[in-house]
Amino acid sequence: MKKILFFALVLALAVFLPMTATAQATPLKFLYYADATQAGYQEDMDEFIQKFKDDNPDIDLQVEILFSQAYHQKLGAYIASGQLPDVVYMWPTNRDSSLLLHSLKLVRDLKPLLGADFLKPFTASALNPNAQASKKLAELPQSFTYTTTVYVNKKLLADNGLTPPKTYAQMKAMVTKLKAKGVQTLLLPDGDQWPAQSCLFSTIAGRMVGDVFTDNLVAGKAKFTSPSFVAALTFYATLFKDGVIDKNNMTMGYGDGPGLLASGKAAMFVDGDWRVGAYLTDKSTGQALIPPDNQATDFVFINFPAIPNEKFPGVASGIAGVGLGITTAVKPGSDVEKAAVKLLKWYYGPEVQAMKLRTGAFIPTRTDVLNFEGLEPFNKMINDYKNTLKPSYVIDGVWHPDVFNVLNAGLQAIGLGSETPAGLAKKLQAAQDGLPK
Amino acid sequence: MELALRRRAEEQRAYWLFVSPAVILYALVLAFPIVVSILLSLSNYNGGLMFGGKPWSIVGLQQYGKLIHDPQFWLAFRNNIYIVLISAFGQVPLGFVFAYLIYRKIVKGGEFWQAILYAPNIISVVVLGLLWKMIVNSNGLLEDVLNRLYAHGFLGSLNHVFANGFVMSDDLVRQLIKIADPGALATFSDPFTDLKDFLAGYTPDQLSVLKSDLTNLLARRWSPEFMARPGVAMLPILFVFLWCWTGLYLIMFLANMQKIDKEIIEAARIDGAGEGQVLSRIVLPSLSGVIANAVILCIAGSLNSFTLIWAMTGGGPMNVTEVLSIYMYRTAVVSVNYPLSNAIAMSIVAFSLVLIALTKLVEKRWGGRE
């Protein structure tokens with residue numbers, strides 16, 4: 001009998017003690033965005049999430065991790081049902097689910113929450129409230145992202161007697177030589193529709209029409225059918241006509257690019273700076289798509305070459321990056337607010353940001369962690385490349401989704417030869433005119 | 001009298017006791033969302049809390065007006081119709097034919113074919129979609145095989161041109177232009193001069209390298225660009241729909257054919273009936289109800305096309321393979337336009353009602369006669 005009682009007591013303690021401990025902890029709901037297939041995911045889980053949990057037993061961190069459209073869909077559903085998480089991963093602009101966070105004022109200003117002292121090491125561009133759709137520090141951009149980076153296999157070019165191009169004419173002149181060797185000149189996998197717009201056409205528009213013209217387009221003071229904008233679309237069409245980009249890129253999955261570049265099937269690959277992480281060593285497997293020893297010797301990152309008749313030379317599309325925001329579900333002065341601020345300070349603190357730099361996730365806007373010693377060459381190369389650039393708008397950061405979705409589909413259609421630049425310009429104008437006034 | 005009344009009251013109570021859970025469940029799970037969806041489609045609600053959030057109001061049929069003039073809506077609707085047609089007039093007849101061939105032992109290895117044709121039904125639709133994506137997409141199996149065939153054919157022509165070795169001449173350039181794919185030549189500003197310059201980079205002892213390079217440069221290359229043309233783009237998807245679910249109907253028909261008394265068929269054969277008469281006079285009438293049920297099943301299943309298409313093409317390229325459900329999803333999640341996406345949802349409900357009416361008609365006209 002005594003044994004049974006003792007066993008029952010132990011069982012009761014085992015069941016109820018953790019419940020008591022959890023009940024005292026402050027619950028904090030966190031919706032995080034991560035790709036489990038990307039190198040660096042394990043470090044993210046161990047050094048960011050798990051370490052925070054271990055160091056803060058008084059906080060019951062309830063993390064939900066999603067990626068790509070699944071994330072936006074779930075956040076949209078949470079918003080519609082009034083079940084906002086306390087901390088969310090979000091975009092500074094009106095992209096997908098972030099549109100609702102900004103337009104419905106569902107996130108709080110981080111400036112007073114994090115405090116001036118904490119924000120000191122961050123770049124001025126990261127702290128610029130005007131770079132965000134809700135004109136406040138709705139999220140703290142963890143990086144400044146250039147959406148156009150040309151990843152060049154300079155060894156492959158050299159093997160064919162070529163060098164990285166500085167002008168479009170030089171790029172075009174490579175096509176015959178490379179094609180004869182079964183190599184694509186410039187890779188732009190656009191099966192997911194957004195890369196052509198975000199990673200290439202935004203820079204073409206930035207060079208050929210400029211940001212002021214884009215502001216006027218958005219404000220309805222300029223027309224998409226104007227000759228300068230049609231000329232930008234025409235230059236994009238020329239890339240396919242000249243064979244610089246093969247039309248099969250338009251149905252190629254976004255995930256195919258890094259492998260094709262690394263295996264020498266393409267000499268150049270245009271993508272965002274964030275893609276550098278795809279080539280680094282994955283600590284969980286010890287494998288790298290491009291081994292560190294070959295990174296600096298065989299590859300180089302360049303801006304898109306000079307375009308004929310460009311008005312704004314050298315600009316590349318760039319935008320304040322994503323980051324974490326605290327939602328209005330967190331009441332001022334509450335324990336949850338303290339827990340949320342603690343989580344953000346841990347995330348944006350030197351340890352996690354140094355890990356993000358090390359794993360190639362991004363180049364942090366927190367400047368005191370920018371130490372490249374001991375890191376793989378690509379980490380420093382992408383930082384050096386970014387330091388040479390002047391930013392221009394990324395179209396999906398400034399246009400309305402109803403308009404940039406027409407552009408996304410239209411750029412794919414131009415690549416496949418089923419749309420003309422003038423035709424797409426008309427469709428864009430119609431979409432802009434159809435927006436609610 | 002009193003007893004009868006009491007019994008009736010009891011019956012009434014029992015009736016409501018048993019029916020009410022189903023009615024409540026139906027109201028919560030089906031009727032309520034449909035009513036809310038109708039409301040949203042007529043509103044200017046743009047996200048956030050429906051009650052207690054930003055105020056919204058009913059603005060009328062604006063979104064339906066937009067839909068009627070939206071070419072993407074009609075494209076998605078047409079794609080839905082294609083799927084219904086391939087389901088009703090593809091899967092069912094093919095399933096019947098295969099079942100008949102196996103049942104009458106017209107083909108050997110019936111059990112093997114039965115297993116092969118049914119196999120796609122036991123694999124996840126997402127896996128099937130990704131599998132076919134890898135076959136028909138850029139850099140996929142189909143592109144690779146076809147391009148190898150084209151390259152092989154072109155190499156044969158090159159061997160003929162270089163039968164006497166590589167000697168640079170204008171005539172050689174002209175011959176190469178003649179056998180080259182016009183699409184491959186389109187990237188040259190002046191094919192004759194450019195090719196001549198290109199050939200100048202090679203020496204006669206590099207003939208095998210030259211042939212390989214010329215094949216890469218001038219042979220016809222196939223790419224799945226037809227996937228970008230509305231209508232044609234749906235062909236691979238429709239084929240996969242046919243491939244996926246024909247086996248289901250095969251099993252259904254075969255199981256019912258096996259119930260037919262074999263003595264009737266044997267007697268008919270002894271009386272001199274041909275295979276066609278056995279089919280038209282015995283098997284088909286015996287299975288008319290099953291065929292009607294199969295048509296109903298496949299029409300209902302055709303509305304559930306989101307998963308396969310999403311995994312295979314994501315509605316692309318250029319949204320030409322979108323069906324109404326994918327268009328609704330994109331409008332809600334990417335464009336964040338809830339009234340329009342709910343208007344699309346309502347059009348799906350209306351389309352479903354039409355299909356249900358159609359299936360009822362089929363059932364009434366041909367069902368349950370065996």
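Asn309(A) is exposed, with a relative accessible area of 71%. This is a predicted model, so please take the values as computed from it. Asn309(A) sits in the loop between β8 (299-302) and β9 (315-320) of chain A. Its phi is near 65°, which is positive, and the residue is not a glycine. As background, most residues other than glycine have a negative phi, and most peptide bonds are trans.

Now chain B. Asn319(B) also has a positive phi, about 65°, and is not a glycine. Is Asn319(B) buried or exposed? Asn319(B) counts as buried, at 8% relative accessibility, the cut-off for buried being under 20%. The loop that holds Asn319(B) runs between α15 and α16 of chain B.

Pro317(B) lies in that loop, between α15 (306-312) and α16 (324-333). The peptide bond leading from Gly316(B) into Pro317(B) is cis, with omega near -5°.

On to chain B as a whole. Chain B has 17 helices and zero strands. Its radius of gyration is 30 Å, well over the 21 Å that the globule rule gives for 370 residues, so chain B is more spread out than a compact globule. The C-alpha trace spans about 115 × 80 × 30 Å along its principal axes.

Of the 370 residues in chain B, 41% count as buried. Chain B exposes about 20200 Å², and carbon and sulfur atoms supply 66% of that area. Among contacts in chain B between residues at least 6 apart in sequence, 70% join residues at least 24 apart.

Last, charge: chain B has 28 positive and 24 negative charges, and their mean positions are 9 Å apart.

Notes: Residues numbered from 1 in each chain as written. Chains lettered and ligands numbered in written order. Predicted model: local features only at pLDDT ≥ 70, side-chain atom pairs only at ≥ 80, totals over all residues. Heavy atoms only, no water. Helix = DSSP H or I, 4+ residues; strand = E, 2+ residues; numbered from the N terminus. Rg over C-alpha atoms; globule rule 2.2 N^0.38 Å. Buried < 20%, exposed > 50% of the residue type's maximum accessible area, 1.4 Å probe, protein only. Contact = heavy atoms within 4.5 Å. Areas by Shrake-Rupley, 256 points an atom, 1.4 Å probe, with all protein chains shown as cover. Lys, Arg positive; Asp, Glu negative; His and termini not counted. Charge placed at Lys NZ, Arg CZ, Asp CG, Glu CD.
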